[in-house]
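Here are a few friendly notes to read alongside the model. Keep the picture open and go through the points one at a time.

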Amino acid sequence: MAVVASREQALAVAAVPRVVPSHNGGGGHHDEPQRPAMNQLGLWLFFVSESFLFASLLVARFYLAGTSRGHVDQMLGLGITAVLLVSSLTAYLSEVSIAQGNRGAFLFYLLLTIVLGVAFAGGVAFEWSTAEFSRSEPYGTAFFTMTGLHASHVISGVAMLGLVYYLGLRGHFSAKDHWGVEAVVKYWHFVDVVWVFFYPALYLIGA
Amino acid sequence: MSETAVVQQPQGAMPAILPVVRGIIGAALGFALGAGATSLIRIATGHDAWDLELNFVLGYTLAAPGWLLGVGVWQFWGREWLGWKPQEPLLHGWQRYFTFCTDHKVIGVQYLVTFVVLFLLAGAFAMLIRLQLLSPENPVLADGTYNRVMSLHGIIMIAVAVASVVGGFGNYFVPLMIGARDVAFPRLNALTFWLIPPVAVLLLGAQAVGGWDSGWTAYPPLSVRNASGQIFFNMAIITFGLSSILSGLNFLTTVTYLRAPGMSWGKLPVFVWSVICASIIALTFTQFFAAAMLMVTLDRIAGFSFFSASDGGKPILYQHIFWFYSHPAVYIFALPGFGITLEIIAHFSRKPLFAYRWAVGGMLGIVAISGLVWAHHMFVSGMSPWMHGMFLVSTEIISIPTGLVFLSALGTIWMAKIWIRTPMLFALSVVFNFMIGGLTGIFLADVPTDVNLSDTYFVVAHFHYTIVGAEIFALFADIYYWFPKITGKMYDERLGQIHFWIMFIAFNMTFIPMFYPGLHGMNRRIATYTPDLQGINIFISSMAFILGASFLIFIWNMCYSLLRGPVAAADPWRARTLEWRVSSPPPVENFPALPVIHGNPYDYGVPNAPAYAIIAIAGASGEDDPAEGGN
Ligand SMILES: [Cu+2]
């Protein structure tokens, strides 16, 4: 969706370390002691904003379908949830590794995170293809919208992890300077936390 | 401009046009890619190749990023994502206004000019509406066309209300007023502006595929079943929402971290506080409008059933989600209007702002309660009756913090030796207009009266008093107040005051009588009415035409003064805030050295008040505040 595509550009603000642009027509580059703090706040405000989007869908799910639930594959749901939670752990290990200057471990855990992210998206795609309910009934409307919007965030997260991996391979990022890694990993955790709310709402509550 | 950077673009090749051309090419490529891929998949799965709405949505999903990348995101930003150096152009003068320029002052002017033009355009649509309403059976507009014109007028004016003051004056003056060189994320700032042209193109382009007739509120089930222009509207709202969210994020980060040394939260100009409050609302609630549009879009193009009652969907869900944004959005309009009104009233009353802390607390209180009142728009929608009393009470409660802001304005005017200039006239009129808007709002908050007044012209008159009367009058107060700072020229005071009086009187003569047909049941959004109301409608339309004509004086004054006006001093209003401590227009990067804040922004006539700010000049010691002591 347009929302998602443009949101990723928005995130890239925070994801990429940047120099202060000089203004058109002159002006110098300034030292900016507040830069790390501003990047952090900007990223967190972005999460606050996104939370409202996901919250609106969570509310819509119960408003539309109450606690009624269509038939979903519980083992698959549990499986992809486990995969996503483990991917947060590997993302964390990746960030810690670059903070310690260990490029090998950083790239290894990053790749593992990407693989797990793709596995999660694949699991959702499989659930979609085998679903026994349609998108034109209340539960189905909520299910496909929520998993779809969440999966689009997972896929864009994978794309950004891939970009960080590419930059990491080419020698970017260091123990001192790895804001790009930190931002994308934080985004990954955020997408994970959203699923922690969506999973029970779609798979566990009701009957 | 004093700097001497080298122009590196080839001369004579109209370099400033290039970014826009690149953007259009990017958008075309993106659209072809998105829509083409959709067609291929549709053919592969045995459907017709072309489904207007589906192809359009998926095409636009790539056209919007294509436009942004072409217009400058790739050059100044995207290259960094691949580890390359960004290429920044060095352009001078007018050319910067057509590029992805990161200077907050350039972006402020881009917003301002864009939204003043949109304001005049949407005003022209209002003239068409009033022309139609001269008679109950007027052939000027066909019924369907009337609804489309009304919808277009509504949404463009809402966009103007959301982004003109915050995007225009917020961008230009918040960094100046807090003593910063720019905003926290300059490139993000440029991005928020360049998201606006697609919005305007979508809203106007929608007319080519039948427009949309569901007003700016776009309630289903109509918005799920009407002409395809609706889908353009949906995409426009999602795009505009993104711009609004990101600019809120930017302002909040900027004010948190880039205040000048000594600028504690208690010394922030009240306009900055109002932008903070509007930014909090924009950052969070806007997502709900985007979510509502996403749901309508999915219902239309993909067979979802959010709002289709026959499939178990619930149309009222839309109204809850929509108003959960759109009531707080009223404060995105109103709070910056209040902020600038208090600002100007303090400077032109030559007195300290009365009860500064209570006024700021009032604005924050409004933000806190703004998310708890939305369903007062739904008393006749069929929602559960137990919600009626709750939302009646919460709506009445929000008038308490609003009252604090109002009392701050009155307390500042009280016993003041008022200096009457055009900005002050507009600011005082905001207080008057908002009083009428607030008092008539009581009847719409109370369920028994609202049940009778809902969807009538009483509502139309009421919200024009709050939105036009408060925010648009504040926008014009702003324009006159800061015109000398932005342009370096002085506007014509006599023409300014003539514009004010015609606009103020015609506005009140248009909208005070409008409560009357509302009380007699004249429906809003409908091209006709009962014949007994024709007399008053003719009067309202005549006054509306005078209101519309008053802007011709404004346009003339602005254009003539820009070209031929006398050169403005750095501080024509003898105001204490920081933007008046630098030249008109301010230099690139605003200050020779970061200002150090000592006093309070509104200490006019206070004995021994310290200077508000001291700005070091090129190694020399401090400069005293010329407005010290005031009056
Ligand atoms: Cu409201």
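Predicted model: local features only at pLDDT ≥ 70, side-chain atom pairs only at ≥ 80, totals over all residues.

1. Start with helix α9 of chain B, residues 270–302. Helices here are DSSP runs of H or I with at least four residues, strands are runs of E with at least two, and both are numbered from the N terminus.

2. Residues are numbered from 1 along each chain as its sequence is written, chains are lettered from A and ligands numbered from 1 in the order in which they are written, and side-chain values use heavy atoms, with hydrogens and water left out.

3. Where does α9(B) bend? Look at Leu283(B), where the bend is about 35° (the angle between axes fitted to the seven residues ending there and the seven starting there). Of the 33 residues in α9(B), 32 are buried (buried is under 20% relative accessible area, exposed is over 50%, and partly exposed is in between, with a 1.4 Å probe and protein chains only). Just after the helix, Gly303(B) has a positive phi of about 70°.

4. Next, see how α9 is linked to another helix. Glu53(B) and Arg300(B) form a salt bridge, with their closest N and O atoms 2.7 Å apart (a side-chain nitrogen of Lys or Arg within 4 Å of a carboxyl oxygen of Asp or Glu). Glu53(B) belongs to helix α2 (residues 52–81) and Arg300(B) to α9, so the pair ties together parts 247 residues apart in sequence. Both partners are buried.

5. Chain A has a salt bridge to look at too: Arg35(A) meets Glu32(A) at 3.1 Å, N to O. Arg35(A) counts as buried at 9% relative accessibility, while Glu32(A) is partly exposed at 22%. Over all chains, the count is six salt bridges.

6. Which residues coordinate the copper ion? They are His327(B) through ND1, and His376(B) and His377(B) through NE2, at 1.7 to 2.0 Å. Donors are N, O and S atoms within 2.8 Å of the metal (3.2 Å for Na, K and Ca), and water is not among the atoms, so sites may look incomplete. Along the chain the donors follow the spacing H-x48-H-H. His376(B) is buried at 10%, whereas His377(B) is partly exposed at 28%.

Key
Expected span 1.5 Å × (residues − 1).
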